[in-house]
Amino acid sequence: MLSVKNVIDIDDLSVDDVEIILENADTFNEVLERDLKKVPALRGKTIINMFFENSTRTRISFELAAKRLSADIINFSSSASSLKKGESIIDTIKTIRSMIADLLVIRHSDSGVMSFISRNIDLPVINAGDGKHQHPTQALLDLYTIKKSFGKFKGLSVAIAGDIVNSRVARSNMLLFKKMGMEVTLVSAPMLLPEDLSHYDVSVKGCIDEIIKTVDILYMLRMQFERQERKYYPSVKEYNRFLELDEKRLNMMKKRSLVMHPGPVNRDIEISESVMNLEKSMAEKIKINEQVRNGVAVRMALIYLILTKD
Amino acid sequence: MTELIYNKTNMIPEDNELFIKNARIIDPAQGIDTRDDILIRNGTIRSIGKTDTGGNFPVERDIKESNSADKNVTGNKNTKPLAVLKGKTVIIDADGLIACPSFFDMHVHLREPGNEEEEDIESGINAAAHGGFSSLCCMPNTEPPIDNEYLVKYIINRSKEFDFEVYPVAAMTKKLEGTEMTDFGLLKENGAIALSDDGRCVQEPKLMYEIMKYASYFDIPLILHEEDYSFSKSGLMHEGYFSSKLGLDGISSLSEILMIQRDIEFAKRTKAKVHFTHISAMESVRLIKMAKEDGLPVTCDVTPHHLVFDDSSLEKYDATFKINPPLRSSRDRQALEEGIRNGIIDIIASDHAPHLEAEKNTTVKSAANGVTGLETMFACAFTKLCRDSRLGIDRLINILSVKPRKILGINPPSIKQGEKAEITLFDPESWRIIDDGFFNSKSKNSAFKGQKLYGMVCATVNGKKVRINN
């Protein structure tokens, strides 16, 4: 039984909660390996997938998770820019309140939107990504992927590389990895880091070469040059020099180490084309596809645990 | 005896008198702290001292005694009316109350013209009277902005309808766009008390330098909102521990510091009278201290909310606390409080910024900036500075009543014979938990809702008008 009603912020979860989620993910992972990939666990429950920001992967992952649990899922998409933002949220919530749903899965471009929504509606909420704040289900599926490879967390060293300041994935992952006893190092540049990291208790390095031989997990973030309002990182060439994973660096990694990425990968920016094109047998370190697969099992576990609480 | 319930049209009839019985009078202008009676006729103070009532005014000695029985969860309150009408005299039993010259708020957004659904001149004046003010400055960022003499005159005439002195602050650049100067001379001649682009900040240094030279020429003060947009753009809160944790874009305190530094340099050259409003950062206090030590005519204010709250208030993404300049770190807050204590920060001003419910009850990103403050400013300052940390009440009265007027060259009121009656009465022992019902302002976006504040303002006498707060 989870200690929380909502999954909004990794800080709200206890270590026990995390372990319960991972155990359940194992169970549902087995379901996904069956011929008939469906259980009747949540028949009659209704989930609303509210995506105020574009997303295909996460939305589909939640949709699939809900369907495999036999819950009804309704997709609500609205680009936040098409309406006055404040109005659309509060109005939409009022509408949702009058429908009879059991769970909301929400993605929105404003940090903290879940806190605002959960103050206004008495329904459990799963955060599917809020602005630059958090993306807890991504962190949980990443953790589950790590568990499947290592079977433990304590003492593992993780490096998270790239644009931290704009990344909700980084914020959730730093907190979750630390919570489970892992060592976290950020590999980044001052322009890509938040002003004050004291909440996260992590160390910082400037180049992948400094950690490549020692890390157990190299977690690459998406670097979105095209989304920069102002160029806050000088160039792709500079990025490649300090923060890209290429074949040479991949070959320097420890034997049982992993490369992860929340997707979609910018080829030749954070990960080189040649690494992405490696033959399967040569790329056993790269877990990007497995992360996506595990996403469904972890989200099934979360939905199940929240909807069968009490 | 008739019970008096004064409200919006609370004129005392021509032939009536107002008798404030047994108040503790604190008047920093005269340096007095005494217990006396005040007799007011036709809006003017007729006499101070133990008036011989000839047995005509039996004072209700038991009024205060009923206090203790009435302590409930939302506040303590007298059960008997504060004011009673006896013959042609309104008697206020001020036993236990403090009488002081009424307050002055240098920084108010009255929202008229253009956003009357948030506030207008009448509701703003009501809120001000409720808060113990007899006079205020309104900021020019209305729609359209007060950037011409016609709007200056409009504001002055509208406020005269309510027998309340509103001093308009006019824009220093046309449409507040920060590109072209307004007509400083005409604006001053028509009643603008100061110039400000409040809410905005002139980014171009050369233009700001010209503004200072020209303002100095007309000897008109500038009220400066200091913000370097390159640091504040897209920012939602103070940049630091909490912005990093919450994933909200930060506004570095450098945004304010750099502009204060720039404008102090310009003030040195131009001798312009510069007032830095709503300062928020520790380093700003230090810069202003140094400028004052250099003998520059610079002054500054802090808001009640920057004195009480810090950036941790946004931890639950409550957009009430989205303010520009942002609530900064606890170290900054402490420096501001210390600045008031040691006099580097001259005054407190509310930056009363009324907003509709829908503009504040939303996500931090889409919410409007600002909180209301006229009605809670005194109680907040009294609670925070006098009750919690022992600033003298006389000093607080000086900060709220005398100094803001002096900065703008306005004569401060004084409680003595022959002066216009501008007297605020407050009860240092009464408290209330602030809720929506407390406010006269059209907007309820207060940062103090749910807070227990001491020092409720009981009455404001402003010439022939008396506002009794129930």
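**Close-up 1. A:Asp268 sits in the loop between strand 9 and helix 9 of chain A.** Helices (H or I, at least four residues) and strands (E, at least two) are DSSP runs, numbered from the N terminus. This is a predicted model, in which local features need pLDDT of at least 70, side-chain atom pairs count only at pLDDT 80 or more, and totals for chains, interfaces and linings use all residues. Residues are numbered from 1 along each chain as its sequence is written, while chains are lettered from A and ligands numbered from 1 in the order in which they are written. Most residues other than glycine have a negative phi, and most peptide bonds are trans. A:Asp268 is not a glycine, yet its phi is positive, at about 70 degrees. This residue is partly exposed, with 16 other C-beta atoms within 10 Å. For burial, C-beta atoms are placed from the backbone: a residue with 20 or more others within 10 Å of its own is buried, one with 12 or fewer is exposed, and anything in between is partly exposed. The loop between strand 9 and helix 9 (273-276) of chain A also holds A:Pro264. The peptide bond that leads from A:Gly263 into A:Pro264 is cis, with omega near -15 degrees.

**Close-up 2. Chain B has a positive phi and a cis peptide bond of its own.** B:Asp219, a residue other than glycine, has a positive phi near 50 degrees. Look for B:Asp219 in the loop between helix 4 (205-218) and strand 12 (222-224) of chain B. Is B:Asp219 buried or exposed? With 11 C-beta neighbours inside 10 Å, B:Asp219 counts as exposed. The cis bond runs from B:Glu112 to B:Pro113, with omega near 5 degrees. B:Pro113 belongs to the loop between strand 8 (103-108) and helix 1 (121-130) of chain B.

**Close-up 3. Five strands of chain A make an open parallel sheet.** The strand order is 7-6-5-8-9. Strands pair if DSSP finds at least two bridges between them. At the edges are strand 7 (203-205) and strand 9 (258-260) of chain A, each pairing on one side only. Neighbouring strands here are turned by 25 degrees against each other on average, direction ignored. For such angles, axes are lines fitted to C-alpha atoms, for helices over the stretch in contact, and the angles run from 0 to 180 degrees between N-to-C directions. Strand 5 (157-161) and strand 8 (217-220) of chain A pair in the parallel sense over 4 bridges.

**Close-up 4. A:Ile160 is one of two residues that touch the most other members of the largest nonpolar core.** The other is B:Ala99, and the core has 226 residues. Such a core is a set of buried Ala, Val, Leu, Ile, Met, Phe, Trp, Tyr and Cys residues joined through C-beta atoms within 7 Å. Helix 10 of chain A gives the most to this core, with 8 residues. Leaving out residues up to four places away in sequence, A:Ile160 touches several residues, including A:Ala170, A:Met174, A:Val184 and A:Leu186. Contact is counted when two C-beta atoms, placed from the backbone, lie within 7 Å.

**Close-up 5. A second open parallel sheet of chain A has the strand order 2-1-3-4.** Its edge strands are strand 2 (72-77) and strand 4 of chain A, each pairing on one side only. The twist averages 15 degrees from one strand to the next. Strand 1 (46-51) and strand 2 of chain A pair in the parallel sense over 6 bridges, and A:Ile47 has A:Ile73 as its bridge partner in strand 2 of chain A. Helix 4 of chain A packs on the sheet and touches strand 3 (103-108) and strand 4 of chain A, with a direction about 155 degrees from that of strand 4. Helix 10 of chain A packs on the sheet too, touching strand 1, strand 3 and strand 4 of chain A.

**Close-up 6. Chain A meets chain B through 22 residues of chain A and 18 residues of chain B.** On the chain A side, helix 3 (85-98), helix 4 (113-120) and helix 6 (168-179) each give two or more residues. The largest share, 4 residues, comes from helix 3 of chain A.
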